[in-house]
Amino acid sequence: MPEGTLCNKQTVDTKEYLNALLADKSGKQYYSEMEKLDVDTDKLWKSIKSTLRSRLRTWLEICAHCGMCADACFLYLANDRDPTQVPSYKIQSTLGEIVKRKGKVNNEFMRMVMDTAWSKCTCCCRCGSFCPFGIDMGIMFGYLRGLCFSQGFVPWELKIGSGMHRVYKAQMDVTVEDWVDTCEWMAEEYEDDWPGLAIPVDKENADIMYTVNAREPKHYPEDIAEAAILFHMAGENWTVPSKGWEETSLAMFAGDWGACKMQVEEVYGAMHRLKPKRMVVTECGHAYRATVIEGPYWAGLKDGRPPVESIHYVEWVAEALRTGKIKIDPAKKIKEPVTYQDSCNYIRNAGLKNVAREIMSYIAEDFREMTPNREHNFCCGGGGGFNGMGRYREQRNVGLKVKLDQILDTGAKLVISPCHNCWDAIRDMEEVYHAGIRWSFLKPLLIKMAIPPDHLKVEE
Amino acid sequence: MYEFVTGPLAWLTFIVFFLGVVYRIVWYFRGLHWQMDRVAYNAHLKYGIKGAIRSIFLWLVPFGSVGWRSKPFMTILFFVFHIGLVVTPIFLQAHNILLRERWGFSLWTISDATADTLTILMIVAALFLVLRRIAYPEIRILTTAYDYLLLAISVAPFITGFIAAHHYSNYEFWLILHIICGEIMLVAIPFTKLSHSVLFFCSRAQLGMDFGIKRGGMKGTKFSW
């Protein structure tokens with residue numbers, strides 16, 4: 001059987017196909033079809049020839065096999081220094097081998113490549129900063145995921161995820177109506193506590209266009225309410241777009257570059273339509289990476305920047321605290337030891353390390369850095385899609401240990417984690433390892449600590 | 001024989017080496033693509049150049065980068081090996097005498113004692129690099145016969161040169177062997193992994209540009225290499 005009905009080389013562009021995939025519980029049929037899926041070796045080699053350019057070819061070729069990348073990888077450390085977890089080995093034995101064999105690889109090999117690309121690398125890119133040649137294996141694994149996707153070798157959840165982006169322009173089945181309704185509902189729900197609270201939809205020329213992660217309207221609508229409260233408190237002129245509100249990109253984790261482009265163009269379309277001065281992205285790492293850092297390239301914007309200046313939520317928070325738009329009640333600052341989870345996607349791979357420290361200086365009395373930290377911080381253990389794939393649950397849980405140790409070593413029990421993926425990973429590590437830690441986004445903490453302006457104070 | 005290996009063969013070696021290396025560099029930079037690499041090289045050249053210089057410089061200085069500092073033993077081996085490899089042949093008195101005889105110019109030179117020290121240290125470092133490959137499982141799994149071959153190609157001119165310079169045995173034999181080994185090394189550079197002698201700079205520059213432009217440089221934060 002060359003192509004399965006669920007597992008094949010097609011992209012998921014219809015609701016029917018998407019629903020069929022969703023109905024296949026845990027991807028049982030999907031993965032069994034994968035075992036018979038043909039590899040289109042000609043297409044694979046053709047694609048490599050046209051996309052594997054000097055940067056990647058050189059990285060593959062000149063690797064001196066020095067092993068300096070080994071300790072850089074949290075999965076290598078978490079798996080008791082298993083040599084097969086050395087980043088260089090992982091990429092040489094997969095992408096390197098495919099190139100060596102000029103694309104002539106079989107089904108079994110491709111399944112091994114898939115398992116390596118999604119369960120042995122989270123594309124955190126930490127190894128790249130420890131290689132004397134600057135060989136960034138996270139980038140190479142991103143490229144490899146694209147090759148796997150084009151051949152149909154992609155984990156079930158991510159095939160669905162990229163399909164969601166294609167069908168709903170969001171990582172989950174949240175329609176424009178669902179989204180707008182959720183915004184209205186949240187505004188109504190909280191306006192008694194916060195007089196004048198509104199979530200303006202499609203307001204043109206606002207100072208801020210706010211965009212979110214589909215999980216928020218789907219599972220955590222309070223997060224949207226909290227964002228609204230903080231913008232309201234800060235007196236911001238802001239809006240959300242009815243279309244193009246979704247920042248995330250499971251398509252990026254899946255290596256579905258076509259869907260990546262579709263998704264960011266939806267957001268950029270909203271920018272063109274509403275002409276905001278700036279865009280603010282919610283507390284999500286990969287969403288920011290996808291739409292602000294990588295997105296312009298998918299969309300073909302030559303200066304590498306989104307159509308309007310786009311900042312991460314932590315940048316907005318730092319600015320609001322710095323300029324006094326939001327004032328912190330000194331008595332309500334966090335007194336207990338607290339640490340901060342540096343998200344790979346916006347710290348190492350986007351340079352926001354100082355912003356995070358600035359926020360902590362305003363809100364915490366006993367801020368403890370993890371070791372290592374900033375751009376050298378370890379992945380939470382759940383990045384790159386790792387949190388969401390049933391097939392690799394065990395490997396993910398093992399991978400969490402490095403971050404857990406890092407957290408416990410600080411002596412803090414509270415972790416601030418302005419990233420959905422890190423937040424999930426830390427929640428799961430507590431569930432698995434029962435270490436007694438707590439975790440939080442910034443928004444709920446800020447609302448508790450902020451001094452509301454007089455006109456927003458509600459009579460008790 | 002001496003005339004041949006230091007005459008036509010040397011010329012051929014230099015030409016192949018030089019053209020090969022230039023080809024490698026040109027091929028590398030021509031192959032960079034703003035959209036495929038997802039780095040807006042041309043749009044933000046200034047940030048790119050700054051990032052590139054930083055990334056090259058900090059990795060050229062012993063213990064200059066976080067990476068080097070995290071592996072002190074490897075760092076010492078690495079620098080002892082490479083300093084010996086690069087400094088000794090270029091500034092050796094004997095080589096510069098030859099240079100003056102043939103081409104009418106020479107560079108400043110190091111004493112023979114310094115050259116001997118550098119050579120011995122370099123050979124010892126190479127030995128440890130081999131031991132490292134055997135001893136550590138995380139390096140053993142990466143190592144292939146090709147890695148040892150390249151190490152042999154790199155060390156051979158130094159061993160033969162040392163023996164020749166000290167006249168331990170048949171001088172002419174060792175001298176000619178030394179010259180041939182040196183020529184093999186030079187010719188191997190463009191065709192093998194030894195091309196890293198120039199591609200190191202290219203690759204580091206690229207990642208430096210990546211971080212200097214896209215991954216933080218334009219946000220005003222420097223990547224702490």
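**Note on the predicted model: chains A and B**

1. Helix H4 of chain A and its cover. The buried residues of H4(A) are covered by elements that include helix H8 (137-150) of chain A together with H2 and H11 of chain B. This is a predicted model, in which local features need pLDDT of at least 70, side-chain atom pairs count only at pLDDT 80 or more, and totals for chains, interfaces and linings use all residues. Residues are numbered from 1 along each chain as its sequence is written, while chains are lettered from A and ligands numbered from 1 in the order in which they are written. H4(A) spans residues 54-62, and its buried residues are A:Ser54, A:Arg55, A:Leu56, A:Thr58, A:Trp59 and A:Ile62. Buried stands for 20 or more other C-beta atoms within 10 Å of a residue's own, exposed for 12 or fewer, and partly exposed for counts in between, with C-beta atoms placed from the backbone. Helices (H or I, at least four residues) and strands (E, at least two) are DSSP runs, numbered from the N terminus.

2. The contact between chains. Chain B gives 47 residues and chain A gives 43. Contact requires C-beta atoms, placed from the backbone, to lie within 7 Å. On the chain B side, at least two residues each come from helix H2 (8-31), helix H3 (45-60), helix H4 (66-70), helix H8 (137-140) and helix H11 (196-214). H11(B) supplies the largest share, 10 residues. This side of chain B divides into 22 nonpolar, 15 polar and 10 charged residues. Ala, Val, Leu, Ile, Met, Phe, Trp, Tyr, Cys and Pro count as nonpolar, Asp, Glu, Lys and Arg as charged, and the others, Gly among them, as polar.

3. Chain A overall. Chain A holds 21 helices and 8 strands. The C-alpha atoms fill a box of roughly 70 × 45 × 40 Å along the principal axes. Of the 460 residues, 56% count as buried. Among contacts between residues at least 6 apart in sequence, 80% join residues at least 24 apart.

4. Domains 1 and 3 of chain A. The assignment gives domain 1 (39-154), domain 2 (169-325) and domain 3 (330-449). Such bounds come from an automatic or database domain assignment. The centres of domains 1 and 3, over C-alpha atoms, are 27 Å apart. In the contact, 14 residues of domain 1 meet 19 residues of domain 3. Helix H5 (74-78) and helix H7 (107-119) each give two or more residues to the domain 1 side. H5(A) gives the largest share, 4 residues. The domain 1 side divides into 9 nonpolar, 4 polar and 1 charged.

5. A:Leu75. This residue lies in helix H5 of chain A. A:Leu75 is buried, with 25 other C-beta atoms within 10 Å. Leaving out residues up to four places away in sequence, A:Leu75 touches A:Gln85, A:Lys120 and A:Gly399. A:Ser119 is 44 residues from A:Leu75 in sequence and 9.2 Å away in space, C-alpha to C-alpha.

Definitions and conventions
Two residues are in contact if their C-beta atoms, placed from the backbone, lie within 7 Å.
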